[in-house]
Amino acid sequence: MNLEVESVTIEIQSQRIIENVSLRISTGQIVGLVGPNGSGKSTLLRTVYRLLKPKSGYVRLGGDDVWKLSARESALRSGVVVQETPSEFQFTVREVVQMGRIPHKSVLSFDDTHDSELVSESLRRVEMAGFEERLFSTLSGGEKQRVLIARVLAQQPQLLILDEPTNHLDIHHQLEILELVRSLGITTLITLHDLNLASMYCHYLYIMQGGQLVAEGSPETTLSRALIQQVFRVDVVHMRHPVRECLQLIFMPLPVDL
């Protein structure tokens, strides 16, 4: 399913946070949204998943304005994992993942064998199969993140919206989750702080600074030394990944003029 964000401007308490941002994602693409802290990445995502209505512009999913979809139709089309992990869930891990099936059910229907199998498979895919009866609130930050990703997998959306999905995860689970996302073949909009992971897993990047887009294109064309110095205020050496052959970056402090 394709996603189209056109000329979106967002204001919060009369302060302009996002200024005239447009982006497009073709069906099956993994598109990264990168930029320093405070650049507006998460705010833009909140508009895509209908939490924050823009002052102007529009968001279309599969050709339809997301703000004209019902909550159920929106949930059938898009699944979201945000940075702010809810910690007060008094539900078991399995119950949290089962919530992903709610958009597919009528008001009075109950989970069937198909739902149960999807939940179990989703937990297995994020390596949380042995945690079904644990209370969600007792998990570590990384474990909670994996359970929330399992919930989205059980939801079976056509668009994934992932806001720092590798947050709190060790390097093994960072790579496992991103390999899983890539294997799904689902249209994905993802924010990442790690530019090397963005280069390895994203087909296309949009780079934000101060609430505006400053560059877009493939990782190869966007992650130039000049742009990284300008946006991220660090120096960089470009290398080639010895196995994947994608662009990899080694960061250093900017030289100080004496």
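1. Basis. The model is predicted: local features need pLDDT of at least 70, side-chain atom pairs count only at pLDDT 80 or more, and totals for chains, interfaces and linings use all residues. Residues are numbered from 1 along each chain as its sequence is written, and side-chain values use heavy atoms, with hydrogens and water left out.

2. An open sheet of mixed pairing is formed by 6 strands in the order 6-7-8-3-9-10. Strands (E, at least two residues) and helices (H or I, at least four) are DSSP runs numbered from the N terminus; two strands pair if DSSP finds at least two bridges between them. The edges are strand 6 (78-81) and strand 10 (212-217); each has a single partner strand, so one side of each is left without a neighbour in the sheet. On average, and with direction ignored, neighbouring strands of this sheet are turned by 15° against each other. Angles run from 0 to 180 degrees between N-to-C directions, with axes as lines fitted to C-alpha atoms, for helices over the stretch in contact.

3. Strands 6 and 7, and the helices on this sheet. Strand 6 pairs with strand 7 (residues 159-163) in the parallel sense over 4 bridges. Within this pair, Val80 stands opposite Ile161 of strand 7. Helix 5 (residues 141-155) lies across strand 6 and strand 7 and runs at about 180° to strand 6. Helix 9 (residues 225-232) also packs on the sheet, touching strand 9 (204-209) and strand 10, and its direction makes about 40° with that of strand 9. Contact here means heavy atoms within 4.5 Å.

4. The cavity. The count comes to 1 cavity of 30 Å³ or more. A cavity is a set of points, on a 1 Å grid over the protein atoms alone, where a 1.4 Å probe fits but cannot get out; lining residues have an atom within 4 Å of a point. The largest cavity holds about 40 Å³ of space, the volume being that filled by probe spheres set on the points, which are joined across faces, edges and corners. Its lining consists of Val81, Ile149, Val152, Leu153, Leu160, Leu162, Val181 and Leu184. Helix 5, strand 7 and helix 6 (171-184) are the elements giving two or more residues to this lining. Helix 5 supplies the largest share, 3 residues.

5. Strand 1 (residues 3-12) pairs with strand 4 (residues 56-61) in the antiparallel sense over 5 bridges. Thr9 has Ser56 of strand 4 as its bridge partner.

6. Helix 1. Of the 8 residues in helix 1 (residues 41-48), 7 are buried (under 20% relative accessible area, with a 1.4 Å probe and protein chains only). Among them are Lys41, Ser42 and Thr43. Arg50, which follows helix 1, has a positive phi near 70°.

7. Cysteines. There are 0 disulfides (a disulfide is a pair of cysteine sulfur atoms within 2.5 Å). The sulfur of Cys202 is 11 Å from its closest cysteine sulfur, in Cys246, too far for a bond. Cys202 is buried at 6% relative accessibility, and Cys246 is buried at 13%.

How values were computed
Buried < 20%, exposed > 50% of the residue type's maximum accessible area, 1.4 Å probe, protein only. 1 Å grid on protein atoms, 1.4 Å probe; cavity = no way out; pocket = protein on both sides within 12 Å on 5 of 7 lines; lining within 4 Å.
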